[in-house]
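Take a look at the model below.

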2 protein chains.
Amino acid sequence: MGLLDYFRNSGRNRGSASVAKERLQILVAHDRAARDRPSYLPKLQQEILAVIRKYVDVDMNAVSVNYEQEDSQEILELNIVLPDAAGRT
Amino acid sequence: MGLLDYFRNSGRNRGSASVAKERLQILVAHDRAARDRPSYLPKLQQEILAVIRKYVDVDMNAVSVNYEQEDSQEILELNIVLPDAAGRT
């Protein structure tokens, strides 16, 4: 199963009966050949968030961050619940 | 299976025998409550790439982009093969 299928299914499974929420999920996976170099993912995360805030209001309390490192792979996950479109002008 | 597990497994399945490649995979999934608004994902993609290029050399020929839209969900996928760390100074 491709990663796009995964996302697609996760969207579908929430069902049409659930309240539609604006939601943004960002994943950054870094396969590192050189493990001795310092990771730039935490810094990248800050900058990506800054870029997103140009487009949508992001309440920093509505951002959940998950960072995992295993072997030579790092994964950064950002889950952002956006304010209801109806509430924006 | 969580999304992090998916990434973790995909990393593991490449096996230790394969040549280690620096690789960056970025996924942005947007669940849109208000479908009438124009999408900002293509614009976001450009800006995220610009941010990444601050940290690593990105050959634009080594970037593959996948954009899909279905119902109220948009998914943007960026796959970037980074230059070998050994080749950098």
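Does E47(B) count as buried or exposed? At 18% relative accessibility, E47(B) counts as buried. The cut-off matters here: buried means under 20% relative accessible area. Keep in mind that this is a predicted model.

Start with the sheet. Strands of a sheet pair through backbone hydrogen bonds, either parallel or antiparallel. Here 6 strands form an open sheet, and the pairing is antiparallel. The order is β2(A)-β3(A)-β1(A)-β1(B)-β3(B)-β2(B). Read that order from one end to the other, and it passes from chain A into chain B at the step from β1(A) to β1(B). The edge strands are β2 (63–70) of chain A and β2 of chain B, and each pairs on one side only. Direction ignored, neighbouring strands of this sheet are turned by 10° against each other on average.

Now follow β1(A). On one hand, β1(A) pairs with β3(A) in the antiparallel sense over 9 bridges. H30(A) has E74(A) as its bridge partner in β3(A). L27(A) has E77(A) as its bridge partner in β3(A). On the other hand, β1(A) pairs with β1(B), again in the antiparallel sense and over 9 bridges. In that pairing, R23(A) stands opposite D31(B) of β1(B). How many of the 9 residues of β1(A) are buried? The count is 8, so β1(A) is largely enclosed by the rest of the structure.

Next come the helices. In chain A, α2(A) lies across β1, β2 and β3 of chain A together with β1 of chain B. α2(A) runs at about 25° to β3(A). In chain B, helix α2 covers residues 41–55. Its 15 residues should span 21 Å at 1.5 Å a residue, and the end C-alpha atoms are 21 Å apart, which agrees.

Which residues of α2(B) are buried? They are L41(B), L44(B), Q45(B), E47(B), I48(B), L49(B), V51(B) and I52(B). The cover over these buried residues includes β1, β2 and β3 of chain B. Chain A contributes too, with its β1 and α2.

Side chains of opposite charge can pair when their charged atoms come close. E47(B) meets K54(A) in a salt bridge, at 2.6 Å from N to O. E47(B) lies in helix α2 of chain B and K54(A) in helix α2 of chain A, so the pair joins two chains.

E47(A) is found in helix α2 of chain A. E47(A) is buried, with a relative accessible area of 16%. What does the side chain of E47(A) make with the side chain of Y55(B)? The two make a polar contact, at 2.5 Å. Leaving out residues up to four places away in sequence, E47(A) touches V51(B), K54(B) and Y55(B).

One more charged site deserves a look. R32(A) is placed in the loop between β1 (23–31) and α2 (41–55) of chain A. R32(A) is buried, with a relative accessible area of 6%. Beyond its neighbours within four places in sequence, R32(A) is in contact with R37(A), P38(A), S39(A), Q69(A), S72(A), E74(A) and E22(B). With E74(A), R32(A) forms a salt bridge, the closest N and O atoms being 3.7 Å apart. This pair links distant parts of the chain, 42 residues apart: R32(A) is in the loop, and E74(A) is in strand β3 (residues 73–81) of chain A. E74(A) is buried as well, with a relative accessible area of 0%. E74(A) is also the bridge partner of H30(A).

Chain B has a pair of its own. E74(B) forms a salt bridge with R32(B), with the closest N and O atoms 3.8 Å apart. This pair too links distant parts of the chain: E74(B) is in strand β3 of chain B and R32(B) in the loop between β1 and α2 of chain B, 42 residues apart. Both E74(B) and R32(B) are buried. How many salt bridges are there over all chains? A search of the whole structure finds 6.

Note on methods. Residues are numbered from 1 along each chain as its sequence is written. Chains are lettered from A and ligands numbered from 1 in the order in which they are written. This is a predicted model: local features need pLDDT of at least 70, side-chain atom pairs count only at pLDDT 80 or more; totals for chains, interfaces and linings use all residues. Side-chain values use heavy atoms; hydrogens and water are left out. Helices (H or I, at least four residues) and strands (E, at least two) are DSSP runs, numbered from the N terminus. Buried means under 20% relative accessible area, exposed over 50%, partly exposed in between (1.4 Å probe, protein chains only). Contact means heavy atoms within 4.5 Å. The expected span of a helix is 1.5 Å times one less than its number of residues. A salt bridge is a side-chain nitrogen of Lys or Arg within 4 Å of a carboxyl oxygen of Asp or Glu. A polar contact is a pair of N or O atoms within 3.5 Å; within protein, one must be able to donate a hydrogen and the other to accept it, and residues adjacent in sequence count only if both atoms are side-chain atoms. Two strands pair if DSSP finds at least two bridges between them. Axes are lines fitted to C-alpha atoms, for helices over the stretch in contact, and angles run from 0 to 180 degrees between N-to-C directions.
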